[in-house]
Amino acid sequence: MKSYTDDKFGFVFLYPDNWTREKEDNVISVYDAENGFGALQFSIYYVGNEVQIDLRVELEDFLQDYDSFKIEMIDGFAYSKFRDGEIAWQYWFFRRGNSLVLASYNCEINDRGKEDKIIKNILDSFVQNSIN
């Protein structure tokens with residue numbers, strides 16, 4: 001497994017050796033460039049410790065342009081999965097230290113579920129290895 005550390009936002013996560021990582025501004029993408037089906041992206045927002053945030057409301061606001069979605073709270077994550085045309089989407093919104101993290105994964109409908117275990121492992125490592 002490869003490790004990515006972001007000192008600015010105070011987190012670490014692990015991803016498979018054969019996956020590629022790209023970073024542009026506050027967006028980090030990881031994906032299997034050769035044999036993969038989709039991409040996992042993390043968008044990071046600094047909010048400070050004193051700000052109280054309702055993760056469910058924030059994710060609902062973010063997804064308002066989609067026709068149909070349901071948000072669940074799972075282990076401190078606001079979570080949603082839905083279909084938009086021929087694309088399957090999953091979103092997670094959570095807080096780590098002074099930051100809010102919006103994670104999203106998308107793939108074609110026919111590939112839905114094929115990388116779920118890997119995506120879960122990446123998200124779990126993100127949570128377990130947070131610096132703050």
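Visitor: In which strand does F13 lie?

Guide: In this predicted model, F13 lies in strand β2, which covers residues 11-15.

Visitor: Is F13 buried or exposed?

Guide: A residue is called buried when its relative accessible area is under 20%. F13 has a relative accessible area of 0%, and therefore F13 is buried.

Visitor: Which residues is F13 in contact with, leaving aside its neighbours within four places in sequence?

Guide: With those neighbours set aside, the contacts of F13 are K2, S3, Y4, I28, V30, F42, I122, S125 and F126.

Visitor: How many bridges join strand β3 to strand β4?

Guide: Strand β3 (residues 20-24) and strand β4 (residues 27-31) run antiparallel and are joined by 5 bridges. Within this pairing, E24 stands opposite V27 in β4. The two strands, β3 and β4, form a hairpin that has 2 residues between them, and D25 in the turn has a positive phi of about 55°.

Visitor: Where is the place of G38, and why does G38 count as buried?

Guide: G38 has its place in strand β5, residues 38-46. G38 counts as buried because its relative accessibility is 14%, and the cut-off for that word is under 20%. Leaving aside neighbours within four places in sequence, G38 is in contact with Y31, Y105, N106, C107 and E115. As for F93, its C-alpha is 19 Å from that of G38 in space, and the two residues are 55 residues apart in sequence.

Methods. Residues numbered from 1 in each chain as written. Predicted model: local features only at pLDDT ≥ 70, side-chain atom pairs only at ≥ 80, totals over all residues. Heavy atoms only, no water. Pairing = 2+ DSSP bridges. Helix = DSSP H or I, 4+ residues; strand = E, 2+ residues; numbered from the N terminus. Buried < 20%, exposed > 50% of the residue type's maximum accessible area, 1.4 Å probe, protein only. Contact = heavy atoms within 4.5 Å.
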